Amino acid sequence: SKKILHGIIWKHILKESAPYFEKIYGVLPARVSFLKEMYGLSDDKIDLLLMGAEDELIDYKQKAVIRKRIRDNLNLSENDFVIITGGKIDERKNLNVLVEAIESFKDNNVKLLIFGKSDDKMRAYMNEIEMKDYIINLGWIDSRKMYEYLHASDLGVFPGTHSVIWEQVVGYGLPGVFRHWDGIEHIDFQGNMRYFYNNSVSELTDILVEIICSRETYRKMKSRAEEISGEFHYSTLALKSLGRNVINQADNK
């Protein structure tokens with residue numbers, strides 16, 4: 001696909017059609033690089049337009065109420081430290097690494113919420129870990145419900161492949177731990193999250209120990225995550241997609 005589909009077919013189509021576009025966006029830094037390197041587009045023709053959080057679905061005013069309701073429904077206390085993860089659950093999401101890392105915290109009020117639909121290969125594993133009393137499998141939930149469960153959570157952890165849920169979690173304002181991939185540096189605002197590099201249980205456990213066991217470390221991460229969340233709100237991103245003039249007009253109003 002790289003040499004034929006992209007290198008010949010799509011490259012030819014894009015060369016013919018590019019003059020009719022003012023701007024061509026990539027939704028990840030890696031995809032912006034791909035547009036430039038594979039198709040030969042100039043810097044002034046391409047830009048980054050992030051995916052993000054549907055902020056109109058996030059009820060920040062009722063956060064405390066929703067948090068308590070969700071936790072009560074799940075038999076979680078306010079003293080529980082709740083980690084959330086989810087998306088399309090397949091082997092590449094490395095859910096087993098997260099579960100094994102949390103195993104060492106099971107007696108310290110650390111709970112794991114998992115949402116999303118698992119594929120056939122992961123179904124047996126999901127049935128197995130649902131027996132653990134510190135794991136709650138929420139199954140598939142829609143976006144509005146996801147943001148409600150983020151209200152009830154303290155940390156997002158995603159040790160596998162990228163999905164748009166990463167940007168949604170950052171846009172919500174939840175601190176997180178994410179698997180490092182080249183070209184996915186856009187979610188790092190120096191303090192809101194931590195990267196997970198070598199895919200080992202010991203590395204992830206060490207990161208979680210640092211965050212969970214140090215109130216000051218967690219407080220700083222949470223504060224920074226909330227501070228930068230607006231950068232990933234679709235209300236912000238929509239203005240960018242319409243152009244700088246529209247943003248300036250909105251600011252003047």
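Reader: How do the residues lining the second largest cavity divide into nonpolar, polar and charged?

Author: This is a predicted model, where local features need pLDDT of at least 70 and side-chain atom pairs count only at pLDDT 80 or more, while totals for chains, interfaces and linings use all residues. Residues are numbered from 1 along each chain as its sequence is written, and side-chain values use heavy atoms, with hydrogens and water left out. A cavity is a set of points, on a 1 Å grid over the protein atoms alone, where a 1.4 Å probe fits but cannot get out, and lining residues have an atom within 4 Å of a point. With Ala, Val, Leu, Ile, Met, Phe, Trp, Tyr, Cys and Pro as nonpolar, Asp, Glu, Lys and Arg as charged and the others, Gly among them, as polar, the lining divides into five nonpolar, three polar and five charged.

Reader: Which element supplies the largest share of that lining?

Author: Helices (H or I, at least four residues) and strands (E, at least two) are DSSP runs, numbered from the N terminus. The second largest cavity has 13 lining residues, with Lys-63, Ser-153, Leu-174, Tyr-218 and Lys-222 nearest its centre. At least two lining residues come from each of α3 (63-73), α6 (143-151) and α9 (215-228). The largest share, three residues, belongs to α9.

Reader: What is the volume of the largest cavity?

Author: Its lining has 14 residues, and Thr-85, Gly-86, Lys-93, Phe-158 and Pro-159 lie nearest the centre. A volume is the space filled by probe spheres set on the points, which are joined across faces, edges and corners. For the largest cavity the volume is about 100 Å³.

Reader: What is the radius of gyration of the protein chain?

Author: The chain comes to eleven helices and eight strands. The radius is taken over C-alpha atoms, and the globule rule is 2.2 Å times the number of residues to the power 0.38. That rule gives 18 Å for 253 residues, so the chain is as compact as a globular protein of that length, its radius of gyration being close to this at 20 Å.

Definitions and conventions. 1 Å grid on protein atoms, 1.4 Å probe; cavity = no way out; pocket = protein on both sides within 12 Å on 5 of 7 lines; lining within 4 Å.
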